[in-house]
Amino acid sequence: MTEAAIVRMEHIWTRFGDNVVHRDVSLSLERGKILGIVGASGCGKTVLMREMIGLQAPTEGRVYLFGELLQTARPKRQQQLRNRCGMLFQGGALFSALTVYDNIAFSLRELRVSDEDLISHLVCMKLSMVGLGADDALLMPAELSGGMIKRAALARALIMEPELLLLDEPTSGLDPVLSEEFVGLLDELQTELGFTVVLITHDLDTLKDLCDRVAVLADRQLVAFGTLEDVLACTHPFTEHFFHGQRAQRVFAGMG
């Protein structure tokens, strides 16, 4: 186990009854890198992400988070490790009954931070980082555009200054312009803050523009893992279909 690895998964098997979701999956992600997870719908991408931070335990195998084996860590220690992570759920998943401000402040209050001046300072700082203003903090989620929801959800994910940021389909539901803006924002923040990223995406431009590593799940296995160039060289039928279609050929022109 190298100290630089933020996440390491060794020989992961996941079963739900007789249904095998993951068969002998192994991967690791170094500090400061961005990993994109790709696969068909229902192949277990979100389950794998949940297993990375101990929200769900694999049936077999070992998961290390920040160098610690999750399966032998006590629940309190697992939670301490998860507190070093931030999560942006698919669709944003903002609490509909809370303002943007209270959504972003939620984690701080859950951890019993009682200094409202400190909370206000941190919330305003994160709002600014994601390109939202003080007036936006007073809005309810129903009053936000799709792009604003993603930015508010990103601010909430960043409020604890995570070392590991996990994003589930961060650009889904956004038009191409907003998607490009969001990817640019994420790239800028990752460069500035140096956090490690795991993201699930089907967006080819996001994979090309953002990801240092790509993991491809198909047939219940990890069929490709490495740089985008490595994945483009994979001959598995899913990678051939996903990475070598007409649009993919335009996006990845000159690569592979």
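## Helix 5 against helix 6

In this predicted model, G147, K150, R151, L154 and L158 of helix 5 are in contact (heavy atoms within 4.5 Å) with L178, E181, F182, L185, L186 and L189 of helix 6. The residues of this contact comprise seven nonpolar, one polar and three charged, where Ala, Val, Leu, Ile, Met, Phe, Trp, Tyr, Cys and Pro count as nonpolar, Asp, Glu, Lys and Arg as charged, and the others, Gly among them, as polar.

## Helix 3 against helix 5

Helix 5 also packs with helix 3 (residues 100-110), at an angle of about 25° and with the axes 7 Å apart. Helix 3 and helix 5 are therefore roughly parallel to each other, and the crossing of this pair is right-handed.

On the side of helix 3, the residues V100, N103 and I104 meet A152, A155 and R156 of helix 5. The residues of this contact divide into four nonpolar, one polar and one charged.

## The buried face of helix 2

Helix 2, which covers residues 75-82, has Q78, L81 and R82 buried, that is, with under 20% relative accessible area (1.4 Å probe, protein chains only). Seen down the axis of helix 2, these buried residues fall within an arc of 100°, so they line one face of the helix; the arc is that of the directions from the helix axis to the C-beta atoms.

The buried residues of helix 2 pack against strand 4 (60-65), strand 5 (68-69) and strand 6 (85-88).

## H22 in strand 2

H22 belongs to strand 2, which runs over residues 19-30, and H22 counts as buried because its relative accessibility is 0%. Leaving aside residues up to four places away in sequence, H22 touches I12, W13, T14, C43, G44, V47, L48, E51, L217 and R220. L70 lies 48 residues from H22 along the chain, and the C-alpha atoms of the two are separated by 18 Å.

## Basis of the values

Residues are numbered from 1 along each chain as its sequence is written, and side-chain values use heavy atoms, with hydrogens and water left out. Local features need pLDDT of at least 70 and side-chain atom pairs count only at pLDDT 80 or more, whereas totals for chains, interfaces and linings use all residues.

Key:
Helices (H or I, at least four residues) and strands (E, at least two) are DSSP runs, numbered from the N terminus. Buried means under 20% relative accessible area, exposed over 50%, partly exposed in between (1.4 Å probe, protein chains only). Axes are lines fitted to C-alpha atoms, for helices over the stretch in contact, and angles run from 0 to 180 degrees between N-to-C directions. Angles under 35 degrees count as roughly parallel, over 145 as roughly antiparallel, 65 to 115 as roughly perpendicular and the rest as oblique. A crossing is left-handed if the near helix is turned anticlockwise from the far one by less than a right angle, and right-handed if clockwise.
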